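Please open the model in a viewer and keep the selection tool at hand. The stops below proceed from strand pairing to packing.

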Amino acid sequence: MFDPALIAAVRRNTSDTGHVVQVDYFRDLYSGHYEAHTTVGETFNGSLLGLGAAAALDGEISSLDGVTWQIRADGIPVVADDSLGMPFAIAAFGGQAITLALSPGDDFADITAAVEGDLHSIAAIRIDGEFTDVLLRSEPRQEPPFTPLTEVLDHEVQFAFPQWSGTLMGFRFPDVDDGEVVPGLHLHAISTDRSSGGHCHSATVARATITIWFDDLRIEVPEHPHEGQPLP
Ligand SMILES: [Zn+2]
């Protein structure tokens, strides 16, 4: 279980330095632990942005400016209550922001490269604008006994938008394969009209700006309850 005292201590430090709080190791979600370890309120209150998964994988979570949406397999965002449980979530708090214009045609590889130019490791990212070829996803709620994430995602639900306007929010983690984090670019989405969202597989920039929070960003991985769970 995550340590509330640790989370509270981290949050007291929000004035000058940015930081990222991640609840649980990714490998636990990956191996099929979909029980709630935190709630929307615990994780996202006071945050700039965040992402996660709902308990029992009952949809993807997108959080922006203090509002959190649950996007279930029907693809329709619903504002999440503070009490909604999550097995895995990441939130960004404060920090020094830089905002850059992205170039039309930029895809995830270009965005990753733009972020890497300014950062060594962890970055919180917000991209606002208009996009083409956007592919979002959610997944159907699971019932115990849970199967590993890869098997669930064999049945993921995809939502394709030739044109899409909204915000992508998330993180760029180092390309490490230690099972603790999701390496590389990990973005979730919420549309401007709040009618679509979810995990974002891909998007191409038509016109967008990217804001990156750096300056002493760090990750706090809480002690987790699943000992000795290797990556499958
Ligand atoms: Zn995701």
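**A tour from strand β3**

Select strands β3 and β8 (residues 88-93), which pair in the antiparallel sense over five bridges; strands are DSSP runs (E, at least two residues), numbered from the N terminus, and two strands pair if DSSP finds at least two bridges between them. The model is predicted: local features need pLDDT of at least 70 and side-chain atom pairs count only at pLDDT 80 or more, while totals for chains, interfaces and linings use all residues. Residue numbers start from 1 along each chain as its sequence is written.

Next, select L51, which stands opposite I90 in β8 and has S62 as its bridge partner in β4. Strand β4 (residues 60-64) pairs with β3 in the antiparallel sense, again over five bridges. The two form a hairpin with six residues between them; in the turn, A56 has a positive phi of about 65°.

Now display the side chains of β3 (residues 49-53), where five of five residues are buried (20 or more other C-beta atoms within 10 Å of the residue's own, C-beta atoms being placed from the backbone; exposed means 12 or fewer, partly exposed in between). L49, L51 and A53 point one way, G50 and G52 the other.

Move to F171, whose contacts (C-beta atoms within 7 Å) include I90, I122 and H186, not counting residues up to four places away in sequence.

Finally, select V78 in strand β6 (residues 77-79). V78 is partly exposed, because 15 other C-beta atoms lie within 10 Å. Its C-alpha atom is separated by 8.7 Å from that of R194, 116 residues apart along the chain.

How values were computed. Helices (H or I, at least four residues) and strands (E, at least two) are DSSP runs, numbered from the N terminus. Two residues are in contact if their C-beta atoms, placed from the backbone, lie within 7 Å.
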